[in-house]
Amino acid sequence: MPPRRRGSSGFRGVRARPNGRFYAEMRAGGFRLTLGTYNTPELAARAYDAAAWRFRRPRCDMNFPDVESLEEAEFLAPTPCLVDDEDRRRHRQVQRRIAIAEHDEELMRQWRAQFPNDVDNTDAFFADLRAHRRSNRRHRRAVAVFELDNPNTTWADNDPRWDDIWTETTSDDE
């Protein structure tokens, strides 16, 4: 029987992924053992060799036959990325949030297309709100400056309204 063909990566048990990373796997007893995804084919091959040593495979099945022991193979192999239930739960939660955000964006796009006048009204509403807040800050500052100049002020020394003296009231301040 001819030796097993090596994949496009040049290593046994390592396949290139479309995103440019490399996937390592091993077949053992009719099962496929996923070893992980790695940035380089060499790292994936090292992970394959460490697993091959654990399964007591012959050295001819290894990518790096110069490795002398299981301990050396594990030392050279990258740390495996273990996925647990918490990782899966967090991934599902992130995927749900992304789906909700995408759905919201689609609904907003449809709403803007259906009601373009509301978009203009919304922009005008927020412009008026900013102008009102700016006017309110100017008024509060003027009152605080007046109280500062007034010798008969009724404000206590620790009154938070004194902070309005330093309130910015320029048109740049939104």
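**Close-up 1. Arginine 17 over the ring of tyrosine 23 in the predicted model.** In this predicted model, arginine 17 is placed over the face of tyrosine 23, at 4.8 Å from the ring centre.

**Close-up 2. Phenylalanine 64, with arginine 46 over its face and phenylalanine 11 as its aromatic partner.** Arginine 46 lies over the face of phenylalanine 64, at 3.8 Å from the ring centre. The structure holds three aromatic pairs, and in the one formed by phenylalanine 11 and phenylalanine 64 the ring centres are 5.6 Å apart with the planes at 40°, so the pair is tilted. Because phenylalanine 11 belongs to the segment before strand S1 (14-16), while phenylalanine 64 belongs to the loop between helix H1 (41-54) and helix H2 (70-76), the pair ties together parts that are 53 residues apart in sequence. Phenylalanine 11 and phenylalanine 64 are both buried.

**Close-up 3. The edge-to-face pair of tryptophan 155 and tryptophan 162.** The two rings, of tryptophan 155 and tryptophan 162, are 5.0 Å apart centre to centre, with 75° between the planes, and the aromatic pair is edge-to-face. Tryptophan 155 counts as buried because its relative accessibility is 10%, under the 20% cut-off; tryptophan 162, with a relative accessible area of 15%, is buried as well.

Methods
Residues numbered from 1 in each chain as written. Predicted model: local features only at pLDDT ≥ 70, side-chain atom pairs only at ≥ 80, totals over all residues. Heavy atoms only, no water. Phe/Tyr/Trp six-rings, centres within 6.5 Å; stacked < 30°, edge-to-face > 60°. Helix = DSSP H or I, 4+ residues; strand = E, 2+ residues; numbered from the N terminus. Buried < 20%, exposed > 50% of the residue type's maximum accessible area, 1.4 Å probe, protein only. Lys NZ or Arg CZ within 6 Å of the ring centre and 35° of its normal.
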